[in-house]
Amino acid sequence: MKYMLMRKADDRTERGEMPSNEMLATMASYNQQMFDAGVFVDGNGLSPSSEGCRITFRDGVPTVTDGPFTETRELLAGYSILDVDSREEAIAWACKWPRMDNEGNVTLELRRYFDLEDFVPGTGLDQHRQMAASMARRPSSVSMHLVFNGNCREAMNWYAEVLGARVLAMLTHAETPAASEVPPECQELIIHSEIQIGRYIIMAADMMGDCYQSPRGHCVQLQYDKAQDARVVFDQLATGGSVQMPFDKTFWAEGFGMLTDRFGIAWMLNAGVAPIENCAQTTTASA
């Protein structure tokens, strides 16, 4: 069962005082203990109520009221989510809260999450079960995996430079525990690489021997807010490659283009995409 362990606000948190490095380290150690025990799900601190707002409804009409709010005892400064076997276990972990926090003068509140089994069966509950099943099937992230013919390292380093990305991994066969099972001529091939572009990941590897096939039927799509930024990247990616559709304005975007780079990877760049209803209107008018 899940519990939310809420750390109530006080005068310090409402003033926006940030914890010291020592306090951060102490809190991290506390969270690590819960993580190692398999009960820590998530946890976050909250900004003071002066940066927040309340939305109240009267007869269905919302009213937004900006903070700060004076009733400190009703406000939160942070929370942790625990997945435990019992209320007693949740209380035991709450009682281990670091004494360093506000010199040991802290108020915590512990509340259990409702499980779907707590509710009366019916069509409404069935809808929630369907949504829960859909969420369970949803992956925590989606990324793409590219293949290369021995030039993965060169390509991924180049992509990182062109796209303002960060190289997270560049692992050769020789660096893995399975190195002895790989032919000598393949030892320096990349078995796994990753670059990070903001929240997104591109992975890649070299194919060994005759396993490589030129990529077909797909492309990497990049979205930009400004056409001028997309054009710069388009021109860089096109260097030494081939352009299937020059980057230019279309009825759905301020800029769009398609190319295959010098490593054989296809790219599609969009910028300043028009609302879908505008595209539909344009298509109807032209018909």
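1. In this note, Ala, Val, Leu, Ile, Met, Phe, Trp, Tyr, Cys and Pro count as nonpolar, Asp, Glu, Lys and Arg as charged, and the others, Gly among them, as polar. The model is predicted: local features need pLDDT of at least 70, side-chain atom pairs count only at pLDDT 80 or more, and totals for chains, interfaces and linings use all residues. Residues are numbered from 1 along each chain as its sequence is written, and side-chain values use heavy atoms, with hydrogens and water left out.

2. The largest pocket has a volume of about 820 Å³. It is lined by 27 residues, of which Thr 13, Pro 19, Met 23, Ala 77 and Asp 101 are the closest to its centre. On a 1 Å grid over the protein atoms alone, a pocket is an open set of points with protein on both sides within 12 Å along at least five of seven lines, a cavity is a set where a 1.4 Å probe fits but cannot get out, and lining residues have an atom within 4 Å of a point. Points are joined across faces, edges and corners, and a volume is the space filled by probe spheres set on them.

3. At least two lining residues of the largest pocket come from each of helix H1 (11-14), helix H2 (21-36), strand S2 (40-45) and strand S5 (76-83). Helices (H or I, at least four residues) and strands (E, at least two) are DSSP runs numbered from the N terminus. By class, this lining holds 11 nonpolar, 11 polar and 5 charged residues.

4. The second largest pocket has a volume of about 300 Å³. Among its 13 lining residues, Met 144, Ile 197, Tyr 200, Gln 221 and Leu 222 are the closest to the centre. Strand S10 (200-206) and strand S11 (220-224) are the elements giving two or more residues to this lining, and S11 gives the most, with 5 residues. The lining of the second largest pocket divides into 10 nonpolar, 3 polar and no charged residues.

5. The search of the whole structure finds 1 cavity of 30 Å³ or more. The largest cavity has a volume of about 40 Å³. Its lining consists of Leu 146, Pro 215, His 218, Cys 219, Val 220, Gly 264, Ile 265 and Ala 266, that is, 6 nonpolar, 2 polar and no charged residues.

6. Ile 55 lies in strand S3 (residues 53-58). Ile 55 counts as partly exposed because its relative accessibility is 47%, between the limits for buried (under 20%) and exposed (over 50%), with a 1.4 Å probe and protein chains only.
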